[in-house]
Amino acid sequence: MAEVREELKYSKDHEWVIVEGKRAKIGISDYAQDSLGDIVFIELPEVGREITANENIGVVESVKAVSDIYIPVSGTVVEVNEALEDSPELINESPYDEGWICIIEMSDSSELEQLLSAKEYDGFTKEEE
Amino acid sequence: MQELRETPLFPIYKQYGAKVIDFGGWALPVQFQGIIEEHQQVREHAGLFDVSHMGQILVTGKDAERFLQYISTNDISKLTDNQAMYTFFCYEDGGTVDDLLIYRLSEERYMLVVNAANIEKDLEWLHKQHRADTWEVSINDISEETALLAIQGPKSLEILQPLANYDLAQIKRFRFVEQVNVAGVEALVSRTGYTGEDGFELYIAAKDAITLWEAILDAGKAHELAPIGLGARDTLRFEAKLPLYGQELNKDISPLEAGLDYFVKFDKGDFVGRGALLQQKQTGVERKLIGFEMVERGVPRAGYHVYNDGKQIGTVTTGSFSPTLKKNIGLALVGVHYADIGQELDIEIRNKYVKARIIETPFLSK
């Protein structure tokens, strides 16, 4: 069973978001990492890059599949998890902690309202199966 | 949406934790535990594969050998009973119809083992080439009633032997024995496989598939045997540079371009495609299959374009992270002038050039 964390918000593209002030920390869900399988490569966005919500900012690659990373909120990339470049498997091992992808300084916090609650996301993934 | 085809083992996949996907029209397990773990499992211990989707065609009759000799690139007349041979069917222009194994059961009985996606095409090809007025031959597709299990890896013999009423060590590479009793199931046991490891393939009646699968896994418990999906099968064969039809070979790629000259025997007499292949051999091929490793960060994938100084010189046929070598590697078909070991290449990954270098293959040699 894929883990869904109560304190996080989720997108339908299987990213999770946790908000602290104007900053949103983003990663991919346990369900997503499990569907992808062994992750062997990640392409991270550059720090300083400005993005608009739902933009593709990089990729996660498993042995078999290439998958785009979409960021569900607009803003500026202020930090990326560089540890993933050498150890992309952290996303498999710890999708909600060690495997976070980047931190965005949000320009429009109201976009968060579009995201799913943990409970809604859990229902959403069960429908997808 | 077309309904997916299932092997006789489909009903029990889930109980082993299989992740089932559409694999060229078949519902097959891509993985059980995870591709990398399964890959290492086979390299270090042993793994059990369901490859029942592969096709089996019986070619029988007085002229079976002459007929197969005419449509194969390899020299079928060299086969003795209980021996198998890797060969190609080629089109007149030298492109590849399929790559396959031919098993000589007896002088007038041969079993062809062909790629799942090519079964219908191969049958059509066999019938098209068969001249009924010249050759007395029957062609029978036995794919439906035949299941195929493969046990591969260094511990294969040790695991399988206690189940069999035959001394399996006696079976040399590319040899086989019919009617071996394995865990109460009658099997044709061959020392073949598609992983670069030692191992066996067991051809059995479809109705016996679940019984044998469970018996082998049970016997393998003490030796860490595990079921392996098709994801790891692909990374294993790729490290050993075993070609995959549809990637390293297809109707536009000849066996000579894929570097498989050894299986094309010009001195055996006429065969379909001989003229075109001989010309390729005499004038030299224009493209060559090479192996490369990524120098910069990136995973090469089949279909990505290969460049040199901004000029496209070829295409990646297979690319992946190599679980054994722990780096990103690939096979590519490139212009012959860019095919030397050490040559630097650019692989176009998402509109960017990423550096790679040609290295020796197979990537992994035993």
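Visitor: Is E239(B) buried or exposed?

Guide: E239(B) is buried, at 0% relative accessibility; buried means under 20% relative accessible area, exposed over 50%, and partly exposed in between, with a 1.4 Å probe and protein chains only. This is a predicted model, in which local features need pLDDT of at least 70, side-chain atom pairs count only at pLDDT 80 or more, and totals for chains, interfaces and linings use all residues. Side-chain values use heavy atoms, without hydrogens and water, and residues are numbered from 1 along each chain as its sequence is written.

Visitor: Which residue forms a salt bridge with E239(B)?

Guide: R43(B) does, with the closest N and O atoms 3.0 Å apart; a salt bridge is a side-chain nitrogen of Lys or Arg within 4 Å of a carboxyl oxygen of Asp or Glu. The pair links helix α2 (residues 35–44) to helix α7 (residues 230–239) of chain B, 196 residues apart. R43(B) is buried too, at 11%.

Visitor: What does R237(B) meet?

Guide: R237(B) and E248(B) meet in a salt bridge of 2.9 Å, N to O. Both R237(B) and E248(B) are buried.

Visitor: Changing topic, which residue of chain A pairs with R350(B)?

Guide: E43(A) forms a salt bridge with R350(B), at 3.2 Å between the closest N and O atoms. This pair crosses between chains, from a loop of chain B to strand β4 (residues 39–43) of chain A; helices (H or I, at least four residues) and strands (E, at least two) are DSSP runs, numbered from the N terminus.

Visitor: How many salt bridges are there over all chains?

Guide: The search of the whole structure finds 28.

Technical notes. Chains are lettered from A and ligands numbered from 1 in the order in which they are written.
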